[in-house]
Amino acid sequence: MARDNYSYLSHLECPKCGLIYHSTGVQQLCSCGSPLLARYDLESLRKVWNPSSLQGREMNLWRYHELLPVREPQHMITLGEGMTPLLRMPSLGIDMSIPHLYMKDESLMPSGSFKARGAAVGISKAKELGVKRFAMPSNGNAGAAWSLYAARAGMSSSVVMPVDAPLITREECIAAGAELLLVKGLISDAGRIVAEKVKREGLYDASTLKEPYRIEGKKTMGFEIIEQMDFQIPDVILYATGGGVGLIGIYKALQELQEIGWISGPLPKLVAVQSENCAPIVRAWENQLTESVFWDKSSTAAYGINVPKAIGDFLVLDALYKTGGAAISVTEEEILAEQRRVTRMEGSFLCPEGAAAFAAARILRANGWIEEEEKVVVINTGSGLKYPGASAQAIPLLDPEDVWPDYGDKEEASSVTKR
Ligand SMILES: Cc1ncc(COP(=O)(O)O)c(C=O)c1O
Ligand SMILES: [Zn+2]
């Protein structure tokens, strides 16, 4: 099979109907409508690659370039993304009775969210394939990340976002020179507009899983977790699931590492976490279905997981079933309470999506699904800094003329930060 030394990318494969496609030109969905997955020449790679090959490589996600799709290093567009900390969470772990609790902290990524992984690899590969202009729908963070990487690559981008998406992500798109359109609706509405725009203007469709390479960037979270754990496998990984690409990606990474012989034994149980106000994957999993049903009137403060129906839902559910994982929803109150708790106990100002995943770990430990001795990794997908005003509370506002104002009386001298 075709390969070169930098990338062992071989071909694209449809996980639904099994059709095979070349990986040398632009490909979007399979003719059957399913996303395509990148496949590598793992047979050849396992003969020449081992964990010590990583020694001395730069601490970013390109250290795994053999299992990434970019064939020529000069096409790599990087802002230094990847190798985010895998932190022990000792105080929170005691509080939840999970002594081996870890956080994979994606808040340190460029643009403050894990979406930079998909953008770095997706944009680099698009550039390699000669793409000049793309369009995508986004709940905010992906559009921001793709706009920024597009700017660095000299590509032009069009992003369509729900009007309620976090304001700062709009600013990022505009600052990066993207064309930004807002829609009075959800990401599913934005998706329909993008599909039409792509058709009319002949653009590359960079929507979630409509191009095969964003997932390749996100899968590096799986490589990193395993490398950071010294090639030991954690027992449980929890992930706040919207489109589910991170979860599908982590599962794909683990399978690839298994195939090249870097890990063995059972894979971690993967857990998809959703808000109870938008829980299509949870409903499907509870009914043991292989696909989800569109969730009407969804809304959540964890904006990135407000996805009423994901194109890769069948891949998410497959990963849950195959790893003995679970899908669980949490309430909006649980999300915001957990965000405060994690920040107060561990000093990490995490995003509401990350907080949802911690809230789910707490529930699953309380009901015994997670056992005390298990090693549990929670992915914090982004920074709380991207959601200003989410934790509105009264703050004393002091008068500079008062030598010692009575700031105990919040009613009297206070301002309230609001969204
Ligand atoms: C901070 C954050 N977490 C999680 C998600 C969900 O990601 P995915 O679509 O890969 O499930 C998003 C998506 O926008 C996000 O912005
Ligand atoms: Zn197919």
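A polar contact is a pair of N or O atoms within 3.5 Å; within protein, one must be able to donate a hydrogen and the other to accept it, and residues adjacent in sequence count only if both atoms are side-chain atoms.

Figure 1. Polar backbone atoms of Gly 304 and Gly 243 lie 3.5 Å and 2.8 Å, respectively, from an oxygen atom of ligand 1. The side chain of Tyr 239 places an N or O atom 2.6 Å from an oxygen atom of ligand 1. The protein buries 97% of the 390 Å² that ligand 1 exposes when taken alone (Shrake-Rupley accessible areas, 1.4 Å probe).

**Figure 2. The shell around ligand 1.** Ligand 1 is surrounded by 18 residues (a heavy atom within 4 Å), and the closest are Tyr 239, Gly 242, Gly 243, Gly 244 and Thr 381. β10 (236–240) and α9 (245–259) each contribute at least two shell residues (DSSP runs: helices H or I, at least four residues; strands E, at least two; numbered from the N terminus).

**Figure 3. The largest pocket, in which ligand 1 sits.** The pocket holds about 700 Å³ of space; it is an open set of points on a 1 Å grid over the protein atoms alone, where a 1.4 Å probe fits, with protein on both sides within 12 Å along at least five of seven lines. A molecule sits in a pocket if more than half of its atoms lie within 2 Å of its grid points. The volume is the space filled by probe spheres set on the points, which are joined across faces, edges and corners. Of 42 lining residues (an atom within 4 Å of a point), Ile 187, Thr 208, Gly 243, Val 307 and Lys 309 are closest to the centre. The largest share of the lining, four residues, comes from α6.

Residues are numbered from 1 along each chain as its sequence is written, and chains are lettered from A and ligands numbered from 1 in the order written. In this predicted model, local features need pLDDT of at least 70 and side-chain atom pairs pLDDT 80 or more, while totals for chains, interfaces and linings use all residues; side-chain values use heavy atoms, without hydrogens and water.
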